[in-house]
Amino acid sequence: MNIAIFADLHGRIRLCFKLCARWEKETGEQIDLILQAGDLGAYPNIDNLDRATIKHMRDDPSELGFSSNFTQHKLDLADELAKTTCPLLFVRGNHEDHDWLDKLEAKSEDTIFPVDVYRRVFCMKTGIPYTYSKNGNTVTILGIGRIAPLPGDPDINKPKYIQSYERERIYSPRDLHCDILLTHDTALDFLTPNYGMEEIRLILDSYTPTYHFHGHTEEALTERLDDNQQTRTVKMTDLHWDKSTHLWTVERGAMGILRWHSPTQNDFSIVDADWFFEYNAKSWESIS
């Protein structure tokens with residue numbers, strides 16, 4: 001089973017699928033699943049953009065990629081998406097339309113629910129494991145979306161913060177297993193004292209998943225052994241542009257491939273081929 005890993009997309013969902021299609025073309029292999037660690041940029045209505053997204057979209061319209069490409073059916077994009085068959089599973093970040101996602105989640109009885117018109121992009125419900133099987137291989141993923149309340153913020157109920165019903169799911173006693181922990185935030189105190197999410201720390205310590213993929217921190221690619229001494233924690237580079245190059249190419253570390261057979265048979269590597277850096281802010285839409 002091949003699983004593509006991405007962190008913050010900030011609207012560049014189409015680019016994500018294009019990179020997966022190109023990887024398949026170059027390698028002759030198939031990607032079975034895409035995991036995305038929050039800040040998908042799920043804003044179907046641009047009137048509901050947050051201030052940070054408004055600021056960035058003025059310089060880069062690809063920040064609006066969800067509303068422009070995934071809310072109304074387009075034949076050319078449908079053909080482009082058909083080059084792959086893999087679904088994309090994401091957890092919520094702090095830059096999403098949470099009111100809209102809340103309504104979709106409330107209507108769904110499933111662990112994951114579709115958010116796009118093509119039914120290729122699915123949001124994971126926080127605290128509920130999702131098991132995916134393909135060709136005899138099985139992997140269980142636990143998602144924890146949003147972020148922890150920031151120290152000193154008196155309003156701990158902001159939509160971008162983890163909600164009480166999501167906490168209840170995580171703390172509910174049950175026989176839980178997960179191979180991959182997918183989050184937007186980091187574990188509490190993992191990088192900075194008093195920052196990060198206590199619930200992520202709980203899952204890492206209690207269930208020791210094989211991998212933990214997260215986003216949010218704006219770091220470049222970083223791989224660490226978690227404090228539990230068993231989980232490999234990976235922060236992927238955001239899928240955005242390296243402005244140190246005159247072409248504004250995608251940054252190294254923005255795409256990874258997890259070859260998964262079992263908790264004892266797996267391998268994770270970064271996509272670092274020359275073709276990957278052909279994609280830049282000006283040309284990526286025209287590359288087939």
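Okay, Arg224: at 25% relative accessibility it counts as partly exposed, where buried means under 20% relative accessible area, exposed means over 50%, and partly exposed is in between, using a 1.4 Å probe and protein chains only. Its partner is Glu219, and the closest N and O atoms of that salt bridge are 2.9 Å apart. By salt bridge I mean a side-chain nitrogen of Lys or Arg within 4 Å of a carboxyl oxygen of Asp or Glu. Glu219 is partly exposed too, with a relative accessible area of 24%.

Quick housekeeping. This is a predicted model, so local features need pLDDT of at least 70 and side-chain atom pairs count only at pLDDT 80 or more, while totals for chains, interfaces and linings use all residues. Residues are numbered from 1 along each chain as its sequence is written, and side-chain values use heavy atoms, with hydrogens and water left out.

Back to the charges. The structure holds 22 salt bridges, and I'll pick out a couple. Take Arg146 and Asp102, whose side chains meet at 3.2 Å, N to O. Arg146 sits in the loop between strand 7 (137-144) and helix 6 (164-171), and Asp102 is in helix 5 (residues 98-107), so this pair ties together parts that are 44 residues apart in sequence. When I say helix or strand, those are DSSP runs numbered from the N terminus: H or I with at least four residues for helices, E with at least two for strands. So which end of that pair is buried? Arg146, at 0% relative accessibility; Asp102 is at 30% and counts as partly exposed. These two also belong to a network of salt bridges that links Arg92, Asp102, Glu105, Arg146, Glu166 and Arg169.

Then there's Asp226 with Arg201, a salt bridge at 2.5 Å, N to O. Asp226 lies in the loop between strand 10 and strand 11, and Arg201 in helix 7 (residues 198-207), so the pair ties together parts that are 25 residues apart in sequence. Asp226 is buried at 0% relative accessibility, and Arg201 is buried as well, at 13%.

What's the strand order? It's an open sheet of 6 strands, 6-7-8-9-11-10, with mixed pairing; two strands pair if DSSP finds at least two bridges between them. Strand 6 (130-134) and strand 10 (222-225) stand at the edges with a single partner strand each, so one side of each has no neighbour in the sheet. The twist averages 20 degrees from one strand to the next, with axes as lines fitted to C-alpha atoms (for helices, over the stretch in contact) and angles running from 0 to 180 degrees between N-to-C directions.

Have a look at strand 9 in there. Residues 211-214 of strand 9 run parallel to strand 11 (residues 232-235), joined by 4 bridges, and His214 has Lys235 as its bridge partner in strand 11. Strand 9 also pairs with strand 8 (residues 180-183), again in the parallel sense, over 3 bridges. There, Leu182 stands opposite Phe213 in strand 9. Both faces of strand 9 are covered: Tyr211 and Phe213 on one side, His212 and His214 on the other, all buried.

Most residues other than glycine have a negative phi. His10, though, has a positive phi near 45 degrees; it lies in the loop between strand 1 (2-6) and helix 1 (13-27). Asn194 has a positive phi near 75 degrees, in the loop between strand 8 and helix 7. Buried or exposed? His10 is buried, at 17%, whereas Asn194 is exposed, at 58%.

The grid is 1 Å, over the protein atoms alone; a cavity is a set of points where a 1.4 Å probe fits but cannot get out, a pocket is an open set with protein on both sides within 12 Å along at least five of seven lines, and lining residues have an atom within 4 Å of a point. Volume is the space filled by probe spheres set on the points, which are joined across faces, edges and corners. The second largest pocket has about 260 Å³ of space. Its lining has 13 residues, with Tyr43, Asp50, Asn94, Glu96 and His98 nearest the centre. That lining divides into 3 nonpolar, 4 polar and 6 charged residues, where Ala, Val, Leu, Ile, Met, Phe, Trp, Tyr, Cys and Pro are nonpolar, Asp, Glu, Lys and Arg are charged, and the others, Gly among them, are polar. And the largest cavity? About 30 Å³, with a lining that includes Gly41, Tyr43 and Phe66.
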